[in-house]
Amino acid sequence: VPQIDKVDGHLLADLKLAGVLAQPRVSGHAEFIAPYMSINDIGLQLENIKVNIDGKNNGRELVVDGSINSGKGQLKINGLVILDAAQGWPVTIDLKGEHFLAVNIPDFYATISPDIQFSQKKELMQLRGRVFIPEATIAPSDMRIPESRVSHSDDVIIVGEQEKTPLNMDLDLTVSLGDKVTVDAYGLKTQ
C-alpha cells in the first residue's frame, strides 16, 4: 500500500452515535478537505480532496460523496453504507473520472478514466464497469525475471493455520487501452 508522505487538510465531524453494535445509528455530518496530499511511492500529488459523509434515513445509512484531482483529471466518488449487520453491512460505491493521473514514477506512468460500480453484501462482492487507460508508459528499469519459488503441496497441513474462507466475487470489468499506451518490458515492446 502506498504511503502518504504529506497531507495538508482537515477533518471536521459532528456525528451522533446511537443504537446497538449490530444496528448502529449515525446522524450528522463529517467532511475531510485537503488541498494537497503527496504519495511519493507512486509519484502522486493529489489536490482538492473533498469527502463528505452524512447520516441519512434516521441514521441507518451513511451517504458518501467526494472528489480528488490528480494531474489534469478528477475522480468522483458516491457511495452508500447500510448500517445493518444482519444484511452484512451492504456497501455500494460508484467511482467515475477522466484522465486521472494514477501513477507517475520513472518506470510507470498512467492516466485512467474509470466508470466503476462496487457493491458488497454479506459474502458477495461485485465489481462492474470499465476502466479506460488513455495514456500509459510501462518501462521497468529492473528487467530481471522474478525467480520462481517452491511452495508446499496441497496435502500439507500447517498446524495452527486457520482455513481461509473463499471470497465470492462477481467481476465484470472492461479495461481498454488508448493510443498513447506503450510497453517496453520483458521482451515486449509496443507503441
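**Exercise 1. The largest nonpolar core**

Of the 18 residues in the largest nonpolar core, which touch the most other members?

*Solution.* The model is predicted: local features need pLDDT of at least 70, side-chain atom pairs count only at pLDDT 80 or more, and totals for chains, interfaces and linings use all residues. Residues are numbered from 1 along each chain as its sequence is written, and side-chain values use heavy atoms, with hydrogens and water left out.

Step 1. A nonpolar core is a set of buried Ala, Val, Leu, Ile, Met, Phe, Trp, Tyr and Cys residues joined through side-chain atoms within 4.5 Å. Buried means under 20% relative accessible area, exposed over 50%, and partly exposed in between (1.4 Å probe, protein chains only).

Step 2. Leu46 and Ile133 touch the most other members of this 18-residue core. At least two core residues come from each of β2 (23-39), β3 (44-56), β7, β8 and β9. β9 gives the largest share, 4 residues.

Step 3. Contact means heavy atoms within 4.5 Å. Not counting residues up to four places away in sequence, leucine 46 touches Pro35, Tyr36, Met37, Ile39, Ile68, Asn69, Ser70 and Phe100.

**Exercise 2. The chain as a whole**

State how many helices and strands the protein chain has, and what share of its residues is buried.

*Solution.* Step 1. Helices (H or I, at least four residues) and strands (E, at least two) are DSSP runs, numbered from the N terminus. The chain has 0 helices and 11 strands.

Step 1. Of its 191 residues, 27% count as buried. Among contacts in the chain with a separation of 6 or more, 48% are between residues 24 or more positions apart.

Step 2. Accessible areas come from the Shrake-Rupley method with a 1.4 Å probe; for residues, only the protein chains shown count as cover. The accessible surface of the chain is about 13,400 Å², and 55% of this belongs to carbon and sulfur atoms.

**Exercise 3. Pairing around β8**

*Solution.* Step 1. Two strands pair if DSSP finds at least two bridges between them.

Step 1. Valine 103 has alanine 110 of β8 as its bridge partner. A hairpin with 2 residues between the strands is formed by β7 and β8.

Step 2. Threonine 111 stands opposite glutamate 135 of β9, and alanine 110 opposite alanine 136. The β8-β9 hairpin has 2 residues between its strands, and lysine 122 there takes a positive phi near 50°.

**Exercise 4. Alanine 136**

Is alanine 136 buried or exposed, and which residues does alanine 136 contact?

*Solution.* Step 1. Alanine 136 lies in strand β9. This residue counts as buried because its relative accessibility is 3%.

Step 1. Apart from neighbours within four places in sequence, alanine 136 is in contact with Tyr109, Ala110, Lys180, Val181 and Thr182. Its C-alpha atom is separated by 5.2 Å from that of tyrosine 109, 27 residues apart along the chain.

**Exercise 5. From β9 to β10**

Describe how β9 and β10 pair, and find the salt bridge of the structure.

*Solution.* Step 1. β9 and β10 pair in the parallel sense, over 14 bridges. Arginine 130 has threonine 174 of β10 as its bridge partner.

Step 1. A salt bridge is a side-chain nitrogen of Lys or Arg within 4 Å of a carboxyl oxygen of Asp or Glu. A search of the whole structure finds 1. The side chains of aspartate 170 and arginine 128 meet in a salt bridge, with 2.7 Å from N to O. Aspartate 170 is in strand β10 and arginine 128 in strand β9, 42 residues apart, linking distant parts of the chain.

Step 2. Aspartate 170 counts as partly exposed because its relative accessibility is 27%. Arginine 128 is also partly exposed, with a relative accessible area of 27%.
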